[in-house]
Amino acid sequence: MADISDSAARAARDLRVVFSRLRRRIREVAQDTDLSPSQESALTLVGKHGAATASALAAAEGVRPQSMATTLAALDQHGLIRRAPDPDDGRRQLVTLTDAGRARIEGNRQVREEWLARAFQDRYTEEERQTVLTALKLMERLSQP
């Protein structure tokens with residue numbers, strides 16, 4: 001990293017640490033005690049992917065198909081997902097969210113957004129919030145290819 005400035009290396013390190021902590025904190029805010037973190041993650045994944053097979057979900061989550069099958073069985077018991085035959089291949093099942101599953105994801109999203117907005121309101125001045133907004137515009141470049 002000889003060609004990387006000290007400030008760039010420090011910014012990268014500090015940003016990674018802060019984002020990790022913030023991500024963990026945001027997850028804690030909406031954490032429901034009746035689902036494990038892997039079940040919450042799988043539920044969110046089903047919501048993002050729409051109708052998907054268990055094997056596709058396992059690949060997207062980076063887990064073994066058997067692990068995903070166990071996770072999906074728990075979500076099914078909670079009434080958060082439904083399984084239906086794949087119209088293209090009747091041997092496979094497609095997993096989708098139930099209304100309860102969609103409501104849970106949306107409720108969690110809303111709780112997280114409200115917590116974050118409240119934290120910005122309570123912990124930062126207007127000037128500091130404007131600084132964060134300016135920094136976010138600059139950081140948007142990091143997400144570009």
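Modeller: This is a predicted model, in which local features need pLDDT of at least 70 and side-chain atom pairs count only at pLDDT 80 or more, while totals for chains, interfaces and linings use all residues. Residues are numbered from 1 along each chain as its sequence is written, and side-chain values use heavy atoms, with hydrogens and water left out.

Strand 1 (residues 81-86) runs antiparallel to strand 2, and six bridges join them; two strands pair if DSSP finds at least two bridges between them. Helices (H or I, at least four residues) and strands (E, at least two) are DSSP runs, numbered from the N terminus. Two residues lie between strand 1 and strand 2, which form a hairpin. Within this pairing, I81 stands opposite L97 in strand 2.

Strand 2 covers residues 89-97 and includes G90. G90 counts as exposed because its relative accessibility is 63%; exposed means over 50% relative accessible area, buried under 20%, and partly exposed in between (1.4 Å probe, protein chains only). The C-alpha atom of G90 is separated by 44 Å from that of R16, 74 residues away along the chain.

K48 belongs to helix 2 (residues 37-49) and is exposed, because its relative accessible area is 68%.
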